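Biologist: I would like a close look at a single part of this chain. Start with the overall layout, then zoom in.

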Amino acid sequence: MTLICAVIAADTPKAVTAMSAEALAAGAEAFEVRLDAFAEIPDDLSFLPTEKPVIATLRSEEDEGRGEIFAKALACGAAYVDIESDSVLRNVFPQTRVICSHHDFAKTPSAWEILHLFRDLSTSGVPKAAFMVRGPRDLLEIRKAAVVLKQSGEPFILIGMGAAGEITRVRAADIGSLVSYCAVRPELASAPGQITVVEAADLGTDPVITAITGWPLEHTRSPQMHNAAFRAAGIAGRYVRIPTPAEELPLLPEVLRCYRIRGTNVTIPHKQAVIPLLSAVSAEAQSAEAVNTILVSPAGNLTGTNTDIAGIAAAVAALRVTLSGARVLVAGAGGAARAAVACLTAAGAAVFITNRSMEKAEALAVEFGAAAVLPHALTAGYDLIINATPAGMSGFSSEILIPESILTPQTAVFDMVYEPETTPLLAAAQAAGCHAAVCGKTMLIAQAAASFTLWTGTAADIAAMTAAFGGES
Ligand code: ATR
């Protein structure tokens, strides 16, 4: 059984007592008291909590004086002292009272190397290692090592660090780790990917796990939206990041299966590249030639779909435009434009495509029975104008392909850009008196909600997701 271990990093005995009480109330099943958080360690360690097993940790380059403190901690009731593998103190105390630990803040070694390391660590006590996880390869090495360690029946602690390691924390019970280290409060998390005691207690031992994969993933707002939807739906679930460099994408299916992930979103740059790895692809994803959502069946089969199309449909619905027979202009000819054109033509709109590179606009138009229009040949008369280029997004050129002269009160405007929420195009639409306008936020939230429903079979709370998304408005 994996214990929820609250990391107690406080600088006075009184604060340790208060924080332990807070952690206990939140569901802590063990404590790691970080004695290194004290400016000066008190002589008397009888303040160590007694309600649950305590691991006393004191990291230091220096061994002088540490042995004495560890001895005192054990005498004051600590179940274990955590001693690094390169310290001479690792063999001073009884093996049953030592956690012998190793950290690698840069990488995860191979499963074989992990097992070799654990053999060495276990000669001094309970072996513990924490490795920086960089992507699917590292997750699979941890998993492979965990399977062997679990078979031994001996206690061990194995953790993947970093945002990509979060899955190893929420699946700590599957890994077989003796403890899962958790922060007492979010602001006290000592490492990215570390969850809080309350979150761990709420998740229980078998939460629903969903994910996002792409590269890079630092700026995604999907975790906050999906985790809000889980909370609102009362589902013990967690949405984690699996940053995946292109060369490791083929390992993704195995990660999804062995960490029992119910489904994942797929984002830039893998929306096309992931298709050959799937056992089935929905008609929508086929027409968009892009997969943004994968559902994993209980048997481990992967089906790809595209909820961006549902997101586009939701944005258009918010504009109250009837697509059947409407004249719609799409600016852009990349992946986002393709999804829009697929959605619009399926709904019976007359679609026109404009783009910087006209050959791309023409190719897309031919494929979907639409018309390509040169940017400088655009004239008024569209019921709906959609920007599917990054123009106007923070960090991109604010020069837009759509001339202000074609924006009229009869036009509705949808800009897929969501940052800023009032884009140059939407400002121009407002100035021209366009009857309706919406930014990419509506689409993003709607695609997230559609993915959530696909994975959980439960309607997503749009208001909760919107609040978690943040931003203007
Ligand atoms: P996405 O998947 O987001 O659609 P993409 O496939 O790279 O991304 O496509 C980006 C689209 O935005 C393209 O149509 C691109 O125009 P080109 O085909 O001429 O490259 C368009 N685009 C990118 N930056 C732009 C800008 N600053 N102004 C206008 N169009 C731009």
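What distance separates the centres of domain 1 and domain 3? And which residues of helix H1 are buried?

Modeller: This is a predicted model, with local features needing pLDDT of at least 70 and side-chain atom pairs pLDDT 80 or more, while totals for chains, interfaces and linings use all residues. Residues are numbered from 1 along each chain as its sequence is written, and side-chain values use heavy atoms, without hydrogens or water.

The centres of domain 1 and domain 3, taken over C-alpha atoms, are 53 Å apart. Domain 1 covers 3-205, domain 2 covers 210-306 + 445-467, and domain 3 covers 310-439. These bounds come from an automatic or database domain assignment.

Now H1. Helices are DSSP runs of H or I with at least four residues, strands are E runs of at least two, and both are numbered from the N terminus. H1 spans residues 13-26, 14 residues in total. From first C-alpha to last it reaches 20 Å, close to the 20 Å expected (1.5 Å times one less than the number of residues).

Val16, Met19, Ser20 and Ala23 are buried in H1 (under 20% relative accessible area; exposed is over 50%, partly exposed in between; 1.4 Å probe, protein chains only). They sit on the same side of H1 because they cover an arc of only 105 degrees around the axis, taken from the directions from the helix axis to the C-beta atoms. Lys14 and Ala25 are exposed on the other side of H1.

What covers the buried residues? Strand E1 (3-8), strand E2 (30-34) and helix H7 (197-203) are among the elements that do, with contact meaning heavy atoms within 4.5 Å.

Just after H1 comes glycine 27, with a positive phi of about 120 degrees.
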